[in-house]
Structures are given as C-alpha cells and as structure tokens.
2 protein chains.
Amino acid sequence: MTRKTQIFPRLNWLLNYQREYLSGDLIAGMIVTVMLVPQSMAYAQLAGLPPQTGIYASIVPLFIYGLLGSSRALAVGPVAIVSLMVGAGISQFNPQNLSQYLNLAITLALLVGIIQVVMGILRAGFLVNFLSHPVLTGFINAAAIVIAVSQLRHLTGIITPRTEHTYETLLYIFKHLNQINWLTVIIAGLSIGILLYFKYGLHHRLKQWNMPAIWMIPITRSAPLVVVVLGVFIVVLFHLDSKIAIVGHVPAGLPSITVPVLDWHTWQRLLPTAITIALIGFMESISVAKSLASKKREKVDANQELIAIGAANLGAAFTGAYPVAGGIGRSVVNFSAGANTGLASIITAILMTITVMFLTPLFYYLPQAVLASIIIVAVIGLIDLSVFKHTWNYNRADAISLIVTFFTVLFIGVETGIILGVSVGLILFLWRTSQPHVAIVGQVGETEHYRNVLRHDVTTYPHIIAMRVDESLYFPNAQYLEAILLETIVDNPDVKHLVLICSAVNYIDTSALEVLDALVKELRDAGVGFYLAEVKGPVMDKLKKIGFIDHLGEENVFLSTHQAMCMLKQHGRF
Amino acid sequence: MTRKTQIFPRLNWLLNYQREYLSGDLIAGMIVTVMLVPQSMAYAQLAGLPPQTGIYASIVPLFIYGLLGSSRALAVGPVAIVSLMVGAGISQFNPQNLSQYLNLAITLALLVGIIQVVMGILRAGFLVNFLSHPVLTGFINAAAIVIAVSQLRHLTGIITPRTEHTYETLLYIFKHLNQINWLTVIIAGLSIGILLYFKYGLHHRLKQWNMPAIWMIPITRSAPLVVVVLGVFIVVLFHLDSKIAIVGHVPAGLPSITVPVLDWHTWQRLLPTAITIALIGFMESISVAKSLASKKREKVDANQELIAIGAANLGAAFTGAYPVAGGIGRSVVNFSAGANTGLASIITAILMTITVMFLTPLFYYLPQAVLASIIIVAVIGLIDLSVFKHTWNYNRADAISLIVTFFTVLFIGVETGIILGVSVGLILFLWRTSQPHVAIVGQVGETEHYRNVLRHDVTTYPHIIAMRVDESLYFPNAQYLEAILLETIVDNPDVKHLVLICSAVNYIDTSALEVLDALVKELRDAGVGFYLAEVKGPVMDKLKKIGFIDHLGEENVFLSTHQAMCMLKQHGRF
C-alpha cells in the first residue's frame with residue numbers, strides 16, 4: 001500500500017480544473033483571508049516579529065502550498081504554536097537589533113523547509129511517530145499557557161522585561177500590578193468578550209434568527225476582523241493613540257527578496273529549534289489535513305505534504321517571512337466554506353498581497369491589546385487539563401510522558417520539554433516491551449494443544465520444559481529472554497530439554513540472534529538440550545541463511561510443540 | 001519471576017563458607033593477580049593515568065565486589081574499553097596537570113558508581129537494552145582500533161602529540177617514521193610475539209607434553225607477567241633505561257583516601273561520559289557473569305550486579321582509583337581456576353595490596369613498550385571484522401546501526417558514536433514497527449475462518465471490509481493505522497462497514513486510543529460504520545474503563561469476525 005511521491009502531484013487540479021469548483025474556492029479563499037489578516041499580524045507579534053512579517057508569511061508560502069499540497073483544505077500560514085517556538089528559539093541568540101532578529105527568523109524558515117523537504121523525499125514522515133500523543137498533548141497544553149502568559153503584557157499594559165521563564169513573567173506582573181493601564185485592560189476585555197461571544201454564543205443566536213447555514217461560518221469566524229475594525233475605530237475616535245500601545249507604522253508593499261544567513265555555526269545553533277518546528281508544524285498540519293480529507297473520502301499523502309509544507313517554508317525564507325504550518329482553525333473554515341482545490345489558497349495569497357500593498361495604513365491605530373486578545377482566545381481553546389486525569393486512568397506510562405513534557409515545557413523550555421518527553425516515552429516503552437509475556441506450557445488432556453501451566457490443567461514432564469514467548473525477539477527483550485530461560489533451568493534442576501515455542505515470534509533481530517547463539521552453548525554447557533518449535537517460515541529462512549540452524553542442529557527444530565514433546569519424552573529420560 | 005534485590009545478598013557466602021571452597025578461591029585469586037598486576041598498570045597507561053592508579057583500582061573495588069557481587073566468578077578491575085573511555089572523557093577538559101587529571105578520574109568513578117547504584121536500586125538494568133548488539137559490536141571493534149593506534153607511540157618510540165583523532169595519530173606516525181626507536185620496536189615485537197605464542201601456540205605444545213589440565217590455565221595466562229619480568233631483566237642487563245621509555249618511579253604504599261570534585265559544573269560536563277561508562281561497563285560485566293553462571297546453573301541478578309559494581313566504583317572514587325568493570329579475560333580465568341565465592345576477589349585484592357606495598361620498585365625499569373604490547377594483544381582479539389558481513393546478510397537495519405557506530409567512534413568520538421548508533425537503531429526500529437502487517441480478510445469456504453484475501457481463496461462482500469492488524473496498537477504505528485484504514489475506504493468507495501480484527505492486539509496505548517477515537521468520527525462522517533472484533537479481555541477492560549466502548553457503541557463490538565460478518569452482511573446492504 002505504498003505510493004510514489006511525486007513532486008507536483010496536485011498540479012493536475014490546475015490542468016483538470018472544473019468550473020463548478022470556482023465558487024467554493026473563491027468564497028473559501030475570501031473567508032480565510034478575513035481570519036488571516038488579523039491572525040497573521042497577531043502571531044507575528046507572538047513570535048516577536050513586526051506585523052508585516054506575518055502578512056508576508058501568508059503570501060508566497062500559500063502560493064507554493066496551493067500548487068504542491070495534496071490536501072484540498074489545508075490553510076497554511078502563521079500558526080500560534082510555531083510562532084511561540086520561533087520566538088523562543090531566536091531569543092537564545094540574544095539578537096541585538098530587529099534586522100538580526102529577522103535574519104534569524106528567515107534562516108529558521110530555510111532550515112525548517114530543508115528538513116521537511118528532505119524528510120519528504122526520503123519518505124521519513126514516520127519520524128513524527130516519536131511525537132506520541134502524550135508528548136504532543138503535554139506540549140500543546142503547556143505551550144498554550146506559555147503563550148497566554150506572554151500576552152499578559154499587552155493585555156495589562158505592564159511592560160514586563162524579556163524573561164526566559166513563564167513564572168518570572170507572572171511574578172513580575174503580580175509585583176507591578178500598580179502599573180496597570182486600565183484603558184488597555186478595558187479594550188482587551190471588550191475584544192476578548194466579543195471574540196468569545198462569536199466563538200461560543202453567536203451560533204445559537206443566528207440559528208434562532210434562521211440564518212442560512214452558508215452564512216453561519218463567514219459570520220462567526222469574522223470575529224478577529226470585527227475586533228480589529230472596532231479597535232482601530234475606538235482609538236481614532238477617542239484619540240487613544242498616545243494612551244495605549246498601538247501597532248504603528250506597517251510598511252506597505254510587497255516583501256523584498258531576502259537571503260537567509262548561510263553560516264554553518266548559526267545553522268548548528270538553530271538546528272534543534274528547526275527540527276522541533278519541522279516536526280511539530282508538520283504534525284499539526286497533517287493531522288488536520290487527514291481529518292478533513294477523510295470527511296470526503298480523500299487521501300492525503302504524508303510525505304507529499306512534507307514536501308509541500310517544506311517548500312512553503314523555503315518560500316517564506318526568501319520573502320522576509322518566518323516558518324509556517326497548516327493552521328487547524330483556518331483549515332476547518334476553509335473546508336467548511338467549500339474549498340475544492342489549491343486555488344482557495346492562491347486566492348487567499350492574492351488577497352493578502354492586496355492587503356499588504358494598499359491596506360496597511362489602516363492598521364496604524366490598531367491596539368496591540370486587540371492582537372493579544374486574538375492570540376489569547378485562539379490558544380485558550382487548546383488548554384484541556386482533563387487530559388491529565390484521562391491519561392492517568394488509562395495508561396500510567398503515557399501519563400508520565402505527558403506530565404514530564406508539560407512541566408518541562410512550562411518551567412524549562414519548549415525544546416527541552418519535547419526532547420525529555422520523547423526520551424521518557426521511549427524509556428518507558430523499552431521498559432514495557434523488555435519483559436514480554438513468557439509462559440511455560442503443558443499438554444491439554446490428550447489433545448495436541450499446549451497451554452499455560454498457570455491457567456490450565458495440563459500434563460508436563462519433569463525433564464522437559466516448553467516455553468512460549470509472546471513477542472518478537474529483538475533488542476529490547478533479548479537480554480530478558482536469556483535471563484528468563486537460564487533462570488528457568490536453574491529453578492528446575494531436573495530439566496534436560498528446553499523447547500522454545502516461537503509461534504508469536506515474527507522477527508528475530510541481530511541482538512536476539514546473538515543471545516540464541518550464546519544460549520545454545522550455555523545450555524549445552526549446563527547439560528540441557530535446546531530446541532525450537534513452531535518457527536514461522538520467514539524467520540526460519542533467515543535463521544537458515546545465517547547458519548544458526550546448522551549451529552543448533554536441524555534435528556533440534558520441530559514443526560509443532562506436540563512433535564517436540566513426543567520426541568523428547570521418548571528418548572530424553574536419562 | 002521477579003526477585004527482591006537485597007543490598008547484601010551474597011554475604012551469606014561468608015556466613016555459610018565451606019572449607020572445600022578454599023583451595024579453589026585461593027588458586028583463582030592468585031592466578032588472577034598474576035594477570036592483574038601487569039594489566040592494571042597497562043590499562044592505567046591507556047587511560048592516561050600513572051601505573052599505581054591501576055593497582056589502586058584493583059584493591060578496594062575488588063574487596064567491595066567480593067562482598068556484594070552475585071556472580072561467583074566475575075573479576076572486577078581496570079578493563080581496556082572503560083580505560084579508553086576514561087582517557088577520552090577526561091581529555092575534553094584539557095587538564096593542566098596530573099593532579100587535575102587524577103581528580104577528574106576519581107570524580108568520574110564517583111559518578112559512574114552513583115549512576116550504577118541508583119539504576120540498580122530503581123531496577124533500571126533494562127536500560128542497557130538500548131545498547132543493542134550491533135551498537136555494541138560496532139563500538140567494541142572501533143574502540144579496539146582506537147586503543148591499538150593510541151599505543152603505537154609506545155611501540156615505536158615516536159612521540160605523537162595528543163590528538164583527538166585516530167587518523168591524525170596514524171598520519172603523524174607515518175610522517176615521522178624516521179624518528180622510530182628501533183630498540184623500542186624490538187622489545188615491543190618480542191613482547192607481542194611471546195604474548196601471542198602464549199595465547200595461541202602454547203596450548204598445543206603443553207598438550208603434547210601431557211601437561212595436566214589444571215596447570216594449563218595458570219601457565220598460558222601468565223604471559224603478561226612473563227613479558228614484564230623479561231622486559232625488566234633486559235633493561236637492567238643491557239642498561240637500556242636511558243635509551244627507551246620506562247615506567248619509572250611507582251610510589252609504594254597504600255592509596256590515600258581521596259575526595260572527588262564535588263562541583264556541579266564539572267559533574268554536568270562529565271555526565272555523558274559517566275553514563276556511557278556506567279552502561280558499557282555494566283554490559284561487559286553482566287554478559288560475562290551470566291555466561292559463566294549458566295555453566296554451573298547459577299543465577300546472576302542484573303540489578304544486584306549494578307549495585308555491586310556501582311559500589312565498587314564508589315570505592316574506587318575514594319581510594320585514588322578510576323572506574324572499574326568486570327573484565328572478560330580475567331573472569332574466565334577466575335572461573336576456570338575454580339573460584340567458588342567472592343573470597344577469590346578478596347584474595348586478589350590482598351595480593352594486590354602486598355604488590356603495591358612492597359613490589360613497586362621492581363617496575364622501575366619496566367619498558368612502556370611491554371605494557372603497550374599487553375594492551376595491543378588484549379584488544380586485537382576484540383576486533384572481528386567478519387561481523388560486518390554477517391550482520392549485513394542477516395539484517396540490513398542492524399548493519400546500518402553497526403556501521404554508523406563503528407565509523408563514528410573511529411572518526412568522531414566514543415560517546416558520539418554510541419549516542420548516534422543508539423539513535424539510528426531506535427529510528428530504524430521505529431521505521432520497521434511503524435508499518436505493521438495489515439491484511440484484509442475474507443471467509444474461507446463455509447468455515448468460520450477468515451484469512452488474508454491476497455493468499456487465500458475467500459469470500460468477501462463489496463460493502464464490508466474486515467482488516468486484521470498483526471501488532472499491538474501504539475505510538476509507532478498509530479498514525480499508520482489511521483492512514484491505512486482511511487485509504488482503504490477511499491480505495492473501496494462501496495464500503496459501508498469496516499471491521500477491525502484485534503486478535504493480535506495485546507496493547508493499545510494513548511496515542512492509538514486517540515486515533516481510534518478520531519477514526520470513529522471520521523468514518524461516520526464518511527458514512528462508514530466502524531466495528532471491532534476479537535478484542536482480547538484485558539484490552540477490552542481498559543477500553544471500557546476509559547469510555548471508548550460507550551463512544552463506539554457496545555453493539556459495534558463483536559466477539560468473533562464471523563459474528564461481525566454475519567450481522568453486517570444481513571442488515572448492512574443499503
């Protein structure tokens with residue numbers, strides 16, 4: 001069930017474009033733009049970048065994704081979690097000025113793009129499996145809290161110093177509550193109220209008004225635009241521009257071509273951040289793309305998506321933007337509004353171009369508190385603390401991964417949290433899988449069935465032990481296998497024959513082969529014969545090829561446990 | 001099959017000591033000492049430490065292991081691989097003088113000891129499973145080459161500068177061949193010749209002479225002592241002490257109590273080396289201990305061994321020594337010479353004490369070339385290049401781990417090599433396990449058996465698909481499972497029912513549960529019913545507890561595939 005990854009697989013939507021697609025694509029492209037204009041500026045602010053960087057990140061990357069992506073509905077662009085990681089990654093460098101900061105952002109986009117494209121070409125999309133669900137949930141919950149706290153300065157007007165740690169920021173705000181700017185708080189409160197009402201309350205009201213379903217989405221999702229327009233209006237009306245923080249001058253015009261830093265030392269330092277962004281960004285994109293595609297019974301090719309999103313990031317790197325990914329909220333809207341092809345993305349990109357060319361003066365008086373409100377409302381929906389209890393009840397090992405990731409991200413840092421969470425997950429996985437279920441079996445009545453002696457009333461012989469291992473034999477359990485077999489013969493000093501039943505063994509790796517090799521010798525030294533039974537065909541082929549069967553002796557391999565037992569109980573009693 | 005780990009489990013050998021044990025313990029203790037005196041000095045030289053450090057490492061650690069160890073035969077002390085890692089780890093610090101170097105060595109012993117004891121108490125011995133066979137083999141082969149090259153300066157008398165890289169040393173020697181000290185080469189050549197003859201040739205000769213077997217081992221294993229005595233004799237006789245490098249003054253007397261560096265910053269920098277030594281040292285010890293114990297049908301408790309070897313390392317830290325482990329060669333000799341209890345270790349320790357108190361003046365004239373020869377002959381036996389071909393033929397993924405570890409250790413460094421080897425191993429493992437075998441099944445004839453449609457002539461229905469996954473569902477394959485199920489319904493547009501057969505599923509982790517949760521919704525959105533069949537008892541219990549069965553609907557879970565098919569083919573055709 002593998003498919004060839006093509007570089008331009010979806011260009012056929014262009015070649016086979018059908019007229020009836022157009023209205024859906026147009027409407028979807030427009031609605032997404034309405035969300036994207038305020039969001040792109042807000043997320044750029046979250047990343048510590050000027051607002052136009054967010055708009056730039058919504059032009060060329062969207063064009064490229066529209067052409068290369070395999071998902072019809074994925075809306076690529078700036079997203080909250082990636083923006084947070086960009087900000088955290090760049091601050092490590094202590095950039096001295098904005099141009100240095102910008103340079104690092106586009107270099108990060110370049111690296112993320114290269115990593116994603118290479119992973120896609122190598123078909124290494126499976127690597128995101130390291131980001132297990134507990135690690136992702138722990139990360140997203142903590143990241144949402146970190147993001148929310150980082151926006152408190154904009155919501156309160158208390159100018160917090162740049163600190164590394166979330167609790168330091170909280171502490172600072174607590175200590176300087178007297179510096180609060182109440183005007184900022186009021187505007188932020190109003191914005192958040194409106195955004196929450198549009199998100200949770202408006203739906204019911206519109207239904208009561210018998211609003212046609214097709215209008216529901218555009219209206220409920222236009223909240224960010226509404227608060228932006230209202231915010232600008234209030235500032236201008238009441239001349240608040242000297243009393244609260246505003247966005248200020250946003251340069252008009254298209255981004256110029258930018259050249260990322262091509263310095264190996266810088267690359268090396270950015271690499272951990274870039275790898276994390278490449279994986280997390282892709283994970284967010286592919287999960288929403290898959291979920292939307294399945295609703296229309298369509299396929300999404302993970303490796304093709306890696307190439308498309310990677311190429312979008314490369315586009316970002318050369319047009320003054322910063323790393324992008326597929327956003328969950330905007331993609332859902334894109335899908336619901338009827339996006340049929342990549343044209344929807346391209347229409348959004350064109351509208352964003354118009355915005356940056358002609359509309360930036362409108363954002364001069366936009367309060368930063370409004371952008372912060374948009375961020376807060378977006379990320380607060382990501383926080384789900386019930387998942388801790390849920391996971392703890394279901395699986396302790398997963399809960400430990402979750403908790404470690406959550407607290408490390410919260411108190412130490414984004415990348416450290418993910419690395420630690422993944423490591424803990426792998427260690428706990430190794431621990432679980434290193435002790436597979438092993439049963440000593442005996443004959444059930446006069447049948448040819450052999451079952452666990454602990455659970456069934458079976459016949460056994462003191463000089464023979466037959467053991468069944470319920471797992472493939474490979475490096476995590478190779479040592480355990482050796483220990484358990486040797487212990488068994490120590491505990492049963494009369495045993496002369498040991499039969500290993502391989503009915504559940506799909507695979508024997510080199511580590512386990514080495515252990516089997518040693519076992520044959522060790523057991524012989526201890527005066528115990530070693531036999532295999534029920535070895536599967538493919539496993540047997542490999543064991544023969546490598547010479548293990550010759551070493552063991554072909555007469556010591558039995559087709560079935562029953563055959564082995566019959567043979568050994570006859571001539572073995574000496 | 002678990003046992004409680006006791007801190008002093010083997011003290012009962014002391015309490016229950018039987019008189020007939022004594023002769024074996026005495027002889028084994030003496031023979032091991034004969035090997036250990038020259039080896040301990042040689043390995044200390046390999047670690048960049050003065051010779052007495054090696055002797056100190058053979059006193060208190062042996063006492064402690066003798067009391068705490070669960071293996072009768074393991075001979076603890078300085079070993080080649082660990083000595084190499086100590087040298088490599090300390091050189092990173094660029095220590096300015098010998099006392100600084102020594103301080104770092106004892107601190108390393110302290111950290112290794114702490115790590116091993118803590119791992120033992122936490123029963124975390126399973127962590128060595130990360131060191132799969134390919135990683136270990138690649139590491140040992142490369143380390144043996146690195147060690148051999150590092151000794152070329154002593155074999156040739158060409159004073160190479162301290163370089164980080166093996167190929168630089170080789171290159172330097174090649175360029176400065178004119179500086180060769182022929183006297184050194186002759187002595188080294190003679191030593192190596194004698195050592196190799198004792199190792200490979202003498203055995204046959206002694207047999208021809210009808211030498212009793214009990215004398216064979218002491219004689220063949222005394223080679224290091226023979227070359228040491230001969231070396232000293234030749235230097236004294238021909239007054240060569242100014243013409244070749246000699247060991248020089250070895251301080252007599254017991255080690256003084258030493259206090260390791262207790263500085264967090266130093267600890268942090270030593271930690272990667274300490275972790276690697278703790279794992280590799282333990283791995284070497286436990287594998288030889290297990291193999292020897294099995295010959296007498298005895299048990300070795302891995303976690304108890306961790307505590308015992310860890311305690312031995314703590315002993316090393318406070319008596320001016322450096323990290324120790326169980327040596328393969330000496331343990332085999334200890335076993336063959338008849339060691340019955342930990343007393344053999346204690347006798348060796350006593351004899352080493354006598355050596356360091358009274359015999360060190362004898363080593364003044366010992367040529368360093370002789371010590372280097374002992375190292376070379378010890379490690380050359382570790383090199384086995386046939387393993388590359390063997391592994392390649394058996395398992396490509398393991399071969400890649402092996403090759404990556406080998407070349408990284410050789411060209412970059414010991415720890416980087418191990419870390420990279422383990423990572424590559426994990427990635428390839430994840431890759432393999434991320435695509436479990438999935439079969440669409442159909443009914444065989446009129447039976448209740450359902451088998452793979454690709455291999456058997458079976459009956460299927462266009463509106464039902466039954467899929468069997470041959471693996472537990474967990475984070476490495478959760479994404480793949482979702483993709484393959486969704487693709488299947490895309491490829492079969494007539495399908496209205498999808499049955500997932502869980503007969504091979506022993507475990508469903510949180511990542512897979514999340515995917516199943518999403519699948520239920522995604523498939524419903526696509527108009528497909530989702531059913532489970534043959535869910536095992538323990539898995540079912542957990543799914544019920546967490547509410548998944550309620551979410552899916554209890555009526556959608558079938559005991560057998562046959563029941564599911566009968567039900568669905570009846571009412572499902574709409």
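What share of the interface residues of chain A are also interface residues in chain B? The share is 100%, so the copies meet through the same surface. The legends below describe views of this predicted model, in which local features need pLDDT of at least 70, side-chain atom pairs count only at pLDDT 80 or more, and totals for chains, interfaces and linings use all residues. Residues are numbered from 1 along each chain as its sequence is written, and chains are lettered from A and ligands numbered from 1 in the order in which they are written.

**View 1. The two copies and their symmetry.** Chain A superposes on chain B by a rotation of 180 degrees with 0.0 Å of shift along the axis. The RMSD is 0.1 Å, from least squares on the C-alpha atoms of residues with pLDDT of at least 70 in both copies. This is the relation of a two-fold axis.

**View 2. The contact between chain A and chain B.** Each chain's part is 47 residues from chain A and 47 residues from chain B. Contact requires C-beta atoms, placed from the backbone, within 7 Å. Elements giving two or more residues on the chain A side include α7 (133–150), α20 (414–433) and α22 (510–525) of chain A. Helices here are DSSP runs (H or I, at least four residues), numbered from the N terminus. The largest share, 10 residues, comes from α21(A). The chain A side divides into 21 nonpolar, 12 polar and 14 charged residues. Nonpolar covers Ala, Val, Leu, Ile, Met, Phe, Trp, Tyr, Cys and Pro; charged covers Asp, Glu, Lys and Arg; the others, Gly among them, are polar.

**View 3. Helices α2 and α16 of chain A.** The axes of α2 (residues 21–46) and α16 (residues 343–359) come within 8 Å and cross at roughly 45 degrees. Axes are lines fitted to C-alpha atoms over the stretch in contact, and angles run from 0 to 180 degrees between N-to-C directions. The pair is therefore oblique. Angles under 35 degrees count as roughly parallel, over 145 as roughly antiparallel, 65 to 115 as roughly perpendicular and the rest as oblique. Residues in the contact include Leu26(A) and Leu36(A) of α2(A), and Ile347(A) and Leu351(A) of α16(A). The contact holds 11 nonpolar, 4 polar and 1 charged residues.

**View 4. Helices α13 and α15 of chain B.** α13 (residues 264–295) packs on α15 (residues 328–336) at about 25 degrees, with axes 10 Å apart. The two are therefore roughly parallel. Glu284(B), Val288(B) and Leu292(B) of α13(B) meet Ile328(B), Ser331(B) and Phe335(B) of α15(B). By class, the contact has 4 nonpolar, 1 polar and 1 charged residues.

Definitions and conventions: Two residues are in contact if their C-beta atoms, placed from the backbone, lie within 7 Å.
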